[in-house]
Amino acid sequence: MLHLSKLYRHTFPLALALSLWSLPLTSNAQVLHVRPTLVDNSSMVEQALRENTARTSTVLEGNGSLLQITYRSNEPIEVYLVPLVAEKSFVPTDYVRFTLPITQESTVNIDLTVSPGWSPGNHRYYLSLLSRTENADAAFVRVQFLPASAGQTLKALVRHIFTPEPYTPSSYHVLRGYRFLGISFTAALGVLILLAATLCALLVRRGRRLTAVLAVLIGGSLLYQLRFSIDLLRFTKEHLTGYELHGIYDEAGSVHVVAENLRILTQDGRQPAIVYVCRDGTNFKEKLLRYFTYPLHISAEAESRESATFAVVMDKLRWSFDGTEKREGTLRCGALDTSAEKLSVFPDGSVLFRLLPPSPKS
Amino acid sequence: MTSFLTFAGVLALLLTEGALLARLLLRSNLRLSLAIALPFGALTNVLLIFLWTITSVPLTPISLLGPHALLALAFGIRLRKETIPPESTPVGTVPRTRAGTAITIICSLLLAVASTYSFSHAILLPTFQYDSATNWTMRSQVSFTDRHIAFDPTEDRGMAKPQYPFLFHALQITANQGQARWNDTAANAILFVLSLGSFAAVFLLLARSRGRLHALVTTTLIVGIPQLSLHLAQGYADINLVQSLLLSLACLAAALEETGRRRAELLASALFVASAVWTKSEGVVFGLLPWLLILGTYAWKLPSVRRDACFAAGVALALSLPWELFAWAKGLSLTPHSSDTMVSFHAEGLGDAFFGLMSRGSFGIAWYVLFAVTGLLLMLFRQRDPRIERRSFPLLAWGWFIFLTILFIYLMTPNVRFLLNGESYYRQMMVPSSILLLACGYCFVRKRERVS
């Protein structure tokens with residue numbers, strides 16, 4: 001979630017030729033189906049920021065559960081949208097994303113209720129728009145909010161309460177909590193049970209008063225825990241399935257498989273194993289790789305490339321290798337520019353190379 | 001398979017040693033002895049590794065497993081000479097009311113889900129957390145390879161925070177003895193068993209005096225704190241700190257119940273508070289200090305406790321201070337971060353400190369319940385209501401002391417950054433929330449249960 005703030009900070013001038021409400025509405029615009037999804041991990045945002053060089057942002061204001069956008073664009077536009085809770089602040093877990101496909105002119109209806117920050121009434125929404133190239137020809141023809149019915153609001157409320165808690169096992173520190181219609185579920189349930197306990201204290205006869213008050217307090221706690229236990233089971237299923245079936249463990253990706261390969265390759269000890277990690281983003285996977293391959297020397301420092309015998313490319317946007325599988329070629333990645341042999345490609349896209357021999361750029 | 005059998009052998013040794021010690025000390029039945037075995041074993045293990053650290057003896061299967069086997073043998077021989085009377089306080093039966101059955105089903109379901117999450121993440125899945133791969137399991141691995149506890153001043157070998165006490169690391173190192181190379185699963189599995197045993201022991205200790213349903217609800221409320229459930233996946237020592245302090249509180253509460261084992265129960269409480277000191281730096285401020293204050297209060301108010309309390313305090317200090325002295329002599333920081341002692345008020349943290357407990361998801365609605373129940377208990381205490389156990393009432397002070405200490409740390413020192421960025425504030429608040437829930441559990445007297 002940390003990187004969502006990056007989206008907010010990127011208020012670059014319009015690089016893509018995007019102009020809101022710039023053209024008159026055409027009557028026969030095609031209707032496209034676009035489903036927004038909650039942004040539940042920061043790696044998704046990091047990747048979007050890496051892949052899309054052109055960015056702009058805007059604020060929309062209106063009252064409704066559907067945002068109807070008529071637009072045209074000659075390349076896909078990735079949109080990140082969040083309801084603003086004050087002048088410039090928002091709750092990171094309220095972010096939704098969707099992609100507007102290429103079209104000469106189409107209309108899309110974006111379901112705003114996907115965001116737990118949505119609620120009935122007039123709201124301001126912050127939009128970040130990202131595209132791959134700076135000379136994209138894109139324009140919003142018309143934007144309007146379609147009002148929510150009582151049924152839609154009720155449906156949104158239930159959906160929000162059962163929206164999974166955003167969490168990854170690498171972050172052990174804080175849970176943002178469930179929210180519905182822009183309200184904290186924790187605060188709402190907490191206040192509700194305090195009121196109920198007070199009512200019990202006032203209305204229940206003396207002999208049973210303490211039991212009634214405690215029953216309400218304990219019942220409320222167990223209710224919250226039952227809700228959270230659904231997510232505990234979901235985390236368990238997702239992590240076990242990803243790891244066992246696909247070789248990917250949440251944000252750690254395939255680092256465990258990469259480590260296993262490196263251990264096998266270096267177990268004879270014939271050559272000094274120094275592994276250069278070429279990556280973008282945080283050093284999380286690098287730390288894990290160091291743990292799982294200890295005592296191998298793992299480093300992303302440019303100085304280590306000269307003595308490196310292996311290289312792992314992970315979460316890297318711009319790099320190249322002109323060889324093929326099991327054939328030599330030149331690997332260019334970060335500080336590395338050397339001939340190499342491609343050994344393995346892993347489920348999360350990481351690639352392992354043997355460096356033959358290292359030839360520093362400078 | 002060999003790897004599993006080796007681990008099972010080491011685990012069996014530690015469990016045997018701990019169970020025999022528990023039986024000797026607490027005169028506990030088989031269930032409680034087995035549950036509390038590894039918490040005791042973890043303490044003897046860290047003290048053993050500390051002894052080998054100061055005498056520069058390498059950590060090998062012989063130097064580690066040999067003394068454990070000797071200790072188990074000594075406890076066994078001693079136990080053969082003792083006559084242990086059967087459990088005098090019967091464990092309450094589950095009431096046959098519909099409400100009781102429903103509560104039992106819900107609590108069992110919640111505990112089963114938490115256990116499933118814990119088992120799968122600790123044993124079936126590999127280490128994942130960032131700090132595990134540096135401060136915690138990584139340091140254990142480096143120490144295992146070195147055959148000495150590592151105190152690397154730099155992160156060149158990938159480990160950080162040499163100033164952390166090493167009960168966590170010591171247990172992982174011993175669990176890996178006999179393995180050809182570092183076994184990540186064994187390292188996390190031993191901590192899973194430690195958690196399982198600790199919470200089972202807390203349940204059994206509470207059930208002994210308050211009945212099973214009462215104990216089941218209290219244990220579920222503690223284990224079900226969302227942040228705490230997640231930490232059961234292991235990898236950070238915060239959960240081990242919580243476990244040691246809960247066991248210490250449960251033994252302290254048991255000592256006040258007049259069961260005729262006061263001296264032994266106070267001693268057990270002292271041993272677990274020392275475990276907390278050996279687990280994390282916070283063990284001194286969250287464990288030893290308030291424990292000594294509460295024990296002092298009891299000793300002052302209850303002359304019959306005084307002698308045993310002084311003995312227990314002496315044991316706790318004797319087992320805790322060596323780490324502090326060692327760290328000081330080695331030039332290691334006695335606090336987790338070097339800037340922890342710079343005091344000034346950070347008003348910017350007030351909002352996060354409040355909303356972090358009351359509107360975010362880490363604690364569910366635990367803090368609403370704790371504020372309400374503490375208020376209720378205060379009222380009943382003043383009214384001299386017979387439904388509360390007056391002797392257990394000061395135990396609440398332990399939790400609130402930790403709560404206020406944490407607020408001080410995060411609002412009055414540069415640690416405010418770990419509050420604002422959503423980091424350690426939430427992990428540390430697990431300690432007072434769980435301690436307070438258990439203390440509340442002890443404050444209510446046992447409801448007469450219908451025997452089936």
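This is a predicted model: local features need pLDDT of at least 70, side-chain atom pairs count only at pLDDT 80 or more; totals for chains, interfaces and linings use all residues.
View 1. Helix α1(B) covers residues 2-26, 25 residues in all. From its first C-alpha to its last it reaches 35 Å, close to the 36 Å expected at 1.5 Å a residue. Just after α1(B) comes B:R27, with a positive phi of about 55°.

**View 2. The interface of chain B and chain A.** Chain B contributes 63 residues to the contact and chain A contributes 54 residues. Together the two chains bury about 5300 Å², and 71% of this area lies on carbon and sulfur atoms. Of the area that chain B buries against chain A, B:F128, B:Y130 and B:I365 supply 15%, more than any other three residues.

**View 3. The salt bridge between the chains.** One salt bridge is found across the interface of chain B and chain A. The side chains of A:K287 and B:E155 meet in a salt bridge, with an N to O distance of 3.0 Å.

**View 4. Helix α5 of chain B and its surroundings.** Helix α5(B) runs over residues 137-146, and eight of its ten residues are buried, so the helix is largely enclosed by the rest of the structure. The buried residues are B:T137, B:M138, B:R139, B:S140, B:Q141, B:V142, B:S143 and B:F144. These residues pack against elements of both chains: α7 (284-293) of chain A, and α6 (167-175) and α7 (184-210) of chain B. B:R147 follows α5(B) and has a positive phi, near 65°.

View 5. B:Q227 belongs to helix α9 of chain B, residues 226-231. Its relative accessible area is 1%, under the 20% limit, so B:Q227 counts as buried. Leaving aside neighbours within four places in sequence, B:Q227 is in contact with residues of both chains. In chain A these are A:Y172, A:H173, A:V174 and A:L175. In chain B they are B:S362, B:Y426, B:R427 and B:M430.

View 6. B:L317, B:L321, B:L325, B:W328 and B:L334 make a nonpolar surface patch of about 510 Å². One of these residues, B:L334, is found in the loop between α13 (303-329) and α14 (350-358) of chain B.

Technical notes: Residues are numbered from 1 along each chain as its sequence is written. Chains are lettered from A and ligands numbered from 1 in the order in which they are written. Side-chain values use heavy atoms; hydrogens and water are left out. Helices (H or I, at least four residues) and strands (E, at least two) are DSSP runs, numbered from the N terminus. The expected span of a helix is 1.5 Å times one less than its number of residues. Patches are made of residues with over 30% relative accessible area and no salt bridge: like charges are joined within 9 Å, nonpolar side chains (Val, Leu, Ile, Met, Phe, Trp, Tyr) within 5 Å. Accessible areas come from the Shrake-Rupley method with a 1.4 Å probe; for residues, only the protein chains shown count as cover. A salt bridge is a side-chain nitrogen of Lys or Arg within 4 Å of a carboxyl oxygen of Asp or Glu. Contact means heavy atoms within 4.5 Å. Buried area is the accessible area (1.4 Å probe) that two parts lose on being put together, summed over both. Buried means under 20% relative accessible area, exposed over 50%, partly exposed in between (1.4 Å probe, protein chains only).
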